[in-house]
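Please consult the sequence and the model shown below.

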Amino acid sequence: ITNLEGEKLYLLGFYREGVYLLRLIKKYCNLSNNISFLDFAVSRNVLLKATINDLDFDSISKLAPSRDYINIDTFAKHIGLDSKDFPVEFKNMKINKMSEDFKKVCEYIFSSKKLLLKIEKYLFNYKNRIKKYFNNTFQDLEKNATILLIDIGWAGSIQKMLTEYTKHITD
């Protein structure tokens, strides 16, 4: 990795795999002194919640698994609720974004202003924590710093979500 202009260069490693790759680069590559390393504890799932702006079926379904199934306790935690917020008969439901159980859970959520407000408050606070983390991570970087993203993946989903998230950051 060479920075031909001699300006400060930051390598930003996304947790988990990107950080491992960063550590390998740091250990085995002969790098110039103007390169700094930043471990960035942000995953696709973290950014996913931070990019939700409108609470609707599509946004809630982003937080449900596509392939596997989870129980109502786990899903409730993903959206800032508690399993006690749901009727007892939901206890044995298997949640997957394609399942009938998921549709029933969403219908229940959207029929309750109280639950919607609870989720909105959770997402608002969640976004504020993420924004604070971004600000703390990047506070010492020079304006217009050159940052290289280090991640191991095949679809670019974390980069797409990072782009989507940063569109809404004002400071």
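Tyr126 is buried, with a relative accessible area of 9% (buried is under 20%, exposed over 50% and partly exposed in between, with a 1.4 Å probe and protein chains only). Tyr126 and Tyr122 both belong to helix H6, residues 113-138, where four residues, about one turn of the helix, separate them. Helices are DSSP runs of H or I with at least four residues, numbered from the N terminus.

## Basis of the model

The model is predicted: local features need pLDDT of at least 70 and side-chain atom pairs count only at pLDDT 80 or more, while totals for chains, interfaces and linings use all residues. Residues are numbered from 1 along each chain as its sequence is written, and side-chain values use heavy atoms, leaving out hydrogens and water.

## Aromatic pairs

Six aromatic pairs are found in the whole structure. Rings of Phe, Tyr and Trp (its six-membered ring) pair if their centres lie within 6.5 Å; planes under 30 degrees apart are stacked, over 60 edge-to-face and the rest tilted. Phe57 and Phe102 form a tilted pair, at 5.5 Å centre to centre and 55 degrees between the planes. Phe57 lies in helix H3 (residues 57-61) and Phe102 in helix H5 (residues 100-110), so this pair ties together parts 45 residues apart in sequence. Phe57 is partly exposed at 36% relative accessibility, whereas Phe102 is buried at 0%. Ring pairs link Phe57, Phe75 and Phe102 into a cluster.

## Contacts of Phe75

Leaving aside residues up to four places away in sequence, Phe75 touches Ile60, Leu63, Ala64, Ile70, Ile95, Phe102, Val105 and Ile109 (contact means heavy atoms within 4.5 Å).

How values were computed
Helices (H or I, at least four residues) and strands (E, at least two) are DSSP runs, numbered from the N terminus.
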